[in-house]
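Subject: Structure for your review

Dear colleague,

Please find below the structure that I am handing over to you.

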Amino acid sequence: MSSPWRDSPTAASPPSSTCSPSLRPLLLLGVVYGLYELSIVQGYKLTGYVVPWLSRFQMAIEERLPLAGFWQVPLFRGLVGDVVTSVNSVLVYIPIFLILFAAIAVLEDVGYMPRMAFILDRLFRRFGLHGQSTLPLILGGVFVGGCAVPGVMATRVIADEKARLATVLIVPLMNCMAKIPLYTLLVGAFFVTCPGAMMVFISTITIIVALAVAKVLSLTVLKNKPSSPFVMEMPPYHVPTLFGVLQRSVERTWLFCRKILTVIALVAVAVFFLTHYPQLPDTELEHFEARGQRIRAAFLEAVGDGPYGTKLADETFFLRYLDVQDRYRQARLAGMRKDRLEQRFAGDADILRLIELRDDEGKRIDRAYKTLRRDRLGLIHDYDTARLNNSLLGRMGKALEPVTRFAGFSWKVNVALLSASGGPLFELAATIALEHHEKWDGSGYPQGLSGEAISYEARLVAIVDVFDALAGRRPYKAPWPLDRIVHTLIGERGRHFDPAVVDLFLDNLDCLLDVCRNLPNCGGDEMTGERALRKAPRKRADLPRMGIAGPFGPPGKG
């Protein structure tokens, strides 16, 4: 009696499985969905624990670089900083890579990969492919997270020349690992409730397009190429070993990172020089230099002639002071404890004492620094805009503007697209949009993150968002008095907001009020931040006595 397996175009042993043939496609879809749910959805949650370590790594690198100027950054410092930032934008996805490669290793060890090839052969045959095309497509990224190079190399085992060439040509269409940051960004920003399903949808659309391209190729360019039957022996099922899975997961992640980080570093270096050369004319540089001198002179005048004023008048001490202020602020935002702060800045203990000075002179210097920082950031922004406008990449962006303006893209957006520098910015925007409703105690939404698992950018935006809602004029409410807003923010310290971020916000309240009062729909409360802080309670237990519940309900309840 003839066997239906021998009569079919697929000359292979039937899968050694008790699963009904009608359920095998459903099982295949379930495996794909589980792969995405584990690697993309759950792995993305783990990236929140990687961000603080990468931030500390970047701070440690910057500490060893030459000091930044008042408004210009030395060439070496700027170059290394850009490379480290670009590399960190990929390293943040290491948890996703590890989980993805581990899941694929499990499927390989279990013996499900050949069975997938058997199931898909009959489908692939209709589009000019082969059952053995399955592995190259998987390596290329049909599961989201492959690489075209090993995918193309894996086509060497396909005996069918027609199917081999078609597979080689469609492997680059797969979802390689370089596309994962973009997919994670889009899914995290727009499809929060169903990320796993959306990743399956993206993969499905990818394979549909690839099969359509393969069909067109098989009917045209590859029409006269010879073909051969699919022959494969099914291995028995067996349990994978933990060591083998971990070993291959780490090895593949390391190989991918080594390759992609080399490319990213080279691209970052090229983009850096394209955005910095040619330099601005001397007349413009002299204008920025004079503006910087005026800002510094105003700062020294506000500080006065005391002992610290004499030290700050020294150029080297002044630049060290600015550098320590910036690094101290970043360390606090990263959630570093006070004892760790003292240990990290032990070499700059004199400047740290000045920063933490709380007497009358310290308050005067602090107010002068806040004004200096605001004016300095404005100067740096104007200089960077002029430099980019004059650079080679800026000129290329302007040349494309007549075409891209129909899509609403300015020349700056064109520069971001040409340099791929918009990636980290858009990624940051998506992270903030996704996490700024999370709460420090874990009672927020949509993911229920808590503590430092919430990115510190989202923690900053959370308190600014609440402040804007309370201080602004709305159709349904009048602006709150400033002292009541401060009471509420302090009341939510350690519950809704990161305590360190609340302290940082209140320390810079006067500067924030200067910005707020220049915005439309602001309440215009003329109370100063210092006065509001004097009236504010220092703990949430004082709020009921003052009759303030805040917008989040009575203190002590979510």
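In this predicted model, the charged end of Lys398 is placed over the ring of Trp411, at 5.3 Å from the ring's centre. Lys398 also takes part in the packing of two helices, H17 and H18.

Helix H17 covers residues 360–390 and helix H18 covers residues 392–404. Their axes are 4 Å apart, and the two helices pack at an angle of about 70°. Angles from 65 to 115 degrees count as roughly perpendicular, and H17 and H18 are therefore roughly perpendicular to each other. On the side of H17, the contact is made by Leu388, Asn389 and Asn390. On the side of H18, Leu392, Gly394, Arg395 and Lys398 make the contact.

Phe318 in turn belongs to an aromatic cluster, which it forms with Phe70, Phe299, Tyr321 and Tyr369.

The structure holds 11 aromatic pairs. A pair of aromatic rings is described by two values, the distance of the centres and the angle of the planes. How are the rings of Phe272 and Phe273 arranged? Their centres are 5.5 Å apart and their planes stand at 85°, so the pair is edge-to-face; the cut-off for this class is an angle over 60 degrees. Phe272 is buried, because its relative accessible area is 2% and buried means under 20%. Phe273, at 34% relative accessibility, counts as partly exposed.

Is Asn88 buried or exposed? With 9% relative accessibility, Asn88 counts as buried. Asn88 is part of helix H3, which comprises residues 75–91. Leaving aside residues up to four places away in sequence, Asn88 touches Leu54, Phe57 and Gln58.

The chain contains 26 helices and two strands. It has 558 residues, of which 45% count as buried. Among contacts with a separation of 6 or more, 71% are between residues 24 or more positions apart. The chain exposes about 28400 Å², and carbon and sulfur atoms supply 63% of that area.

Yours sincerely

Conventions
Residues numbered from 1 in each chain as written. Predicted model: local features only at pLDDT ≥ 70, side-chain atom pairs only at ≥ 80, totals over all residues. Heavy atoms only, no water. Buried < 20%, exposed > 50% of the residue type's maximum accessible area, 1.4 Å probe, protein only. Contact = heavy atoms within 4.5 Å. Areas by Shrake-Rupley, 256 points an atom, 1.4 Å probe, with all protein chains shown as cover. Phe/Tyr/Trp six-rings, centres within 6.5 Å; stacked < 30°, edge-to-face > 60°. Lys NZ or Arg CZ within 6 Å of the ring centre and 35° of its normal. Axes fitted to C-alpha atoms, helices over the stretch in contact; angles between N-to-C directions. Parallel < 35°, antiparallel > 145°, perpendicular 65-115°, else oblique.
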